[in-house]
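Work through the exercises below with the sequence and the coordinates at hand. Each task is followed by a solution in steps.

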Amino acid sequence: MQRLQAYKFELRPTGEQQRQMRRFSGLCRFVFNKALALHKERYEQGEKKVGYVRFPSTRMTGCFPHGECYNDPDVRFVNYFWGGRAVHCFPRLAYGFRQINGCVELPLKAAQRAYGLIHIGTPVTVMP
């Protein structure tokens with residue numbers, strides 16, 4: 001006979017943690033409402049929704065503004081959010097700075113985690 005067991009947990013955040021959780025919830029609500037308003041406006045004007053595609057692995061090709069072109073096979077955990085711009089894995093010596101082509105490049109583990117969190121319709125905002 002199989003015995004099932006459950007655990008019950010309770011969060012007891014500090015005052016600062018409560019404030020940050022409320023702030024995060026409010027921000028999520030704000031971003032969702034802005035995205036919803038944008039989609040409603042586009043729908044009412046007869047425009048199509050912004051395309052969104054994601055791939056566990058794909059080839060990325062294109063050219064940088066200065067003319068140099070790239071052809072990268074097997075780019076992992078790709079979440080396109082605007083045209084050819086995407087959140088994806090790309091091996092670099094350092095991260096945290098803006099890329100010329102507008103992508104958000106992450107180390108493998110972070111890109112894999114982001115791929116699990118970003119779904120079709122998730123608003124993506126890239127801050128300068």
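**Exercise 1. Classify the exposure of Glu-10 and Arg-12, and describe the contact between the two side chains.**

Step 1. Glu-10 has a relative accessible area of 58% and is therefore exposed; the classes are buried under 20%, exposed over 50% and partly exposed in between, with a 1.4 Å probe and protein chains only. Arg-12, at 70%, is exposed as well.

Step 2. Glu-10 and Arg-12 form a salt bridge whose closest N and O atoms are 3.4 Å apart. The term covers a side-chain nitrogen of Lys or Arg within 4 Å of a carboxyl oxygen of Asp or Glu.

Step 3. Some conditions apply to these values. The model is predicted, so local features need pLDDT of at least 70 and side-chain atom pairs count only at pLDDT 80 or more, while totals for chains, interfaces and linings use all residues. Residues are numbered from 1 along each chain as its sequence is written, and side-chain values use heavy atoms, with hydrogens and water left out.

**Exercise 2. The structure holds three salt bridges; locate the pairs formed by Glu-16 and by Arg-92.**

Step 1. Glu-16 pairs with Arg-19, with 3.0 Å between the closest N and O atoms. Both residues belong to helix α1 (residues 15–44) and sit three residues apart, about one turn of the helix. Helices (H or I, at least four residues) and strands (E, at least two) are DSSP runs numbered from the N terminus.

Step 2. Glu-16 is partly exposed at 39% relative accessible area, and Arg-19 is partly exposed at 39%.

Step 3. Arg-92 forms a salt bridge with Glu-105, the closest N and O atoms being 2.5 Å apart. Arg-92 lies in the loop between β3 (85–89) and β4 (104–106) and Glu-105 in strand β4, so the pair ties together parts that are 13 residues apart in sequence.

Step 4. Arg-92 is partly exposed at 33% relative accessibility, whereas Glu-105 is buried at 11%.

**Exercise 3. State the strand order of the sheet and describe how helix α2 packs on it.**

Step 1. Four strands make an open sheet, in the order β1-β2-β3-β4, with mixed pairing. Its edge strands are β1 (54–63) and β4, each of which pairs on one side only. Two strands count as paired if DSSP finds at least two bridges between them.

Step 2. From one strand to the next, the twist averages 45°. Axes are lines fitted to C-alpha atoms, for helices over the stretch in contact, and angles run from 0 to 180 degrees between N-to-C directions.

Step 3. β1 and strand β2 (residues 69–82) are antiparallel, paired over eight bridges. Gly-62 stands opposite Tyr-70 in β2.

Step 4. Helix α2 (residues 108–117) packs on the sheet and touches β1, β2, β3 and β4, where contact means heavy atoms within 4.5 Å. The direction of α2 makes about 40° with that of β2.

**Exercise 4. Which cysteines does the disulfide join, and what is its handedness?**

Step 1. The structure holds one disulfide, defined as a pair of cysteine sulfur atoms within 2.5 Å. Cys-63 is joined to Cys-69, with an S to S distance of 2.0 Å.

Step 2. The torsion about the S-S bond of Cys-63 and Cys-69 is about 80°, so the disulfide is right-handed.

Step 3. Cys-63 is partly exposed at 49%, and Cys-69 is partly exposed at 47%. Cys-89 is buried at 11%, as is Cys-103 at 7%.
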